[in-house]
Amino acid sequence: MKILHLLLALLIGLGLGLAYSWYISPVTYVDASPAILRSDFKDQFRDVIAASYVSTHDLARARARLSLLGDADVIAELSAQAQRMVAAGESFERIQPLARLAADLQQGFVSSPATSTEFAVISTPFAADTPIVASPTAAPDVTETQSTAETVVPTLATATTSTVTPTTSFAQTALIPLASSTFAPRPTFTPIPPPSAPFTLASQESICEPGSQAGLMQFILMDQRRIQLAGIEIVITSNQGEDHSFTGFKPELGNGYADFVMQAETVYSVRVVDGGILIPDIIAPICTDPNNGKYTGGVLLVFQQK
Amino acid sequence: MTTSTWIKIIIAAAIGTVLGLVYGWVIDPIEYTDITPNILREDYRADYVLMAAEAYQSEQDPETAARRLAILGSEAPAQIVTSTLAYAEKNKFTESEIILLKGLLTAMQTYQPQGVAAP
């Protein structure tokens, strides 16, 4: 009987303790990490990371910052957020940084010159086997550091500037993979065409593939060197109104890829905003399958800068 | 029941309470998953403000910058940047980062939200 009383008292005490620690005075978080932010705040975080990246062109730092959010696939999250923003009717200016960061992460290097070409930004990759060890008093460490252990921070060398105005702009070759244990080749620079170079229609073909999405108008936009370009706006018009599509939102299909679903028997016109001419009279083709069944096919338009 | 029995019961209850508190606070505390940015660790907050400053450098849009800073809490944007600047100077941020933060601070000090008339 005595033991029963003691056991009962112990259980009551345990219950009171749990109630106090879980409901009355639970653990309060004061030093939280971005990984446990609410999803809308994570979106805001990605938005700022992308906007910052457009300014700094520091791909390694952007990648490190995105990793703080704990996403399994940062590129997919960026693309998904960009598509949510398109669906919500956000402006192109707000969406483009996300698409561009996703595309650059996908291809592994900064896709365009730093700024309006007043100076060339040179990001020199460092060898992965000579990491920089952050000192405890160093500027903010964007890696997860819950302990006091030293943290290896991947960085890029400081950008160098020149007061001499260059006559051309440069694209940077791929950064070395961070996990690589070998020395990377020194970066080389290749001229890229000015961003305003007009696009011309390189090819147009009907796509008849049973099982593919009906009426899918696909775009691939490339520069002079046939490198796909992200963040290019395409205007599609028909008698039903005007739609806008942007390259780079589906980097898994190519940085210069964009698509749009056509209605059957509707005539469309397409124009690339950056200096493209109007491509009229585009209509979803009617295809025939092996059983003589009719279905709506798609169209593939390839644009290339002159 | 005797006095000693009551004492034993009270001790058992106290032990149970302590065990419950240890379990609830240490072993299996409540886990938060949908937090707001105002309780981010200081270095994460500072890096977020630095990102806003980097973005502001190219955008030059104080309204967007103020909106981005607003998610960090109810303090005025200028106050948030001031705190970050103090953190940055204390933690040896690079000179270019300090300059960016000062640029954002200047913008936030002169920024007037839409609909609020300047004094």
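Predicted model: local features only at pLDDT ≥ 70, side-chain atom pairs only at ≥ 80, totals over all residues.
View 1. Of the 306 residues in chain A, 42% are buried. Contacts in chain A with a separation of 6 or more are counted here, and residues 24 or more positions apart account for 65% of them. The accessible surface of chain A is about 15,900 Å². Carbon and sulfur atoms hold 58% of that surface.

**View 2. Chain B has 5 helices and 0 strands.** From the N terminus on, its elements run α-α-α-α-α. Buried residues make up 41% of the 119 residues in chain B. Among contacts in chain B between residues at least 6 apart in sequence, 56% join residues at least 24 apart. Chain B exposes about 6,500 Å². Carbon and sulfur atoms supply 60% of this area.

**View 3. A disulfide joins A:C208 to A:C287.** The S to S distance is 1.9 Å. The angle about the S-S bond is -70 degrees, and the link is left-handed. A:C208 sits in the loop between β3 (199-207) and β4 (216-222) of chain A, whereas A:C287 belongs to strand β10 (residues 286-288), so the pair ties together parts that are 79 residues apart in sequence. A:C208 is partly exposed, with a relative accessible area of 42%. A:C287 is buried, at 2% relative accessibility. A search of the whole structure finds 1 disulfide over all chains.

**View 4. The interface of chain B and chain A draws on both chains.** The contact takes 48 residues from chain B and 48 residues from chain A. The size of an interface is often given as the accessible area lost when the parts come together. Here the area buried between the chains is about 4,300 Å². Carbon and sulfur atoms give 64% of that buried area. Across the interface there are 5 salt bridges.

**View 5. A salt bridge links B:R68 with A:D47.** The closest N and O atoms of B:R68 and A:D47 are 3.9 Å apart. A:D47 is also one of the residues in contact with A:Q81. The next view turns to that glutamine.

**View 6. A:Q81 is a buried residue of a helix in chain A.** The helix is α4 (residues 74-87). A:Q81 has a relative accessible area of 3%, under the 20% cut-off, so this residue counts as buried. Leaving aside neighbours within four places in sequence, A:Q81 is in contact with A:D43, A:R46, A:D47 and A:L98.

View 7. The elements that give two or more residues to the patch are α1 (2-24) of chain A and α1 (3-27) of chain B. α1(B) gives the most, with 6 residues.

View 8. B:Y23 lies in helix α1 of chain B. This tyrosine is partly exposed, with a relative accessible area of 36%.

Key: Residues numbered from 1 in each chain as written. Chains lettered and ligands numbered in written order. Heavy atoms only, no water. Disulfide = S-S within 2.5 Å. Helix = DSSP H or I, 4+ residues; strand = E, 2+ residues; numbered from the N terminus. Buried < 20%, exposed > 50% of the residue type's maximum accessible area, 1.4 Å probe, protein only. Contact = heavy atoms within 4.5 Å. Buried area = accessible area lost by both parts, 1.4 Å probe. Salt bridge = Lys/Arg side-chain N within 4 Å of Asp/Glu carboxyl O. Areas by Shrake-Rupley, 256 points an atom, 1.4 Å probe, with all protein chains shown as cover.
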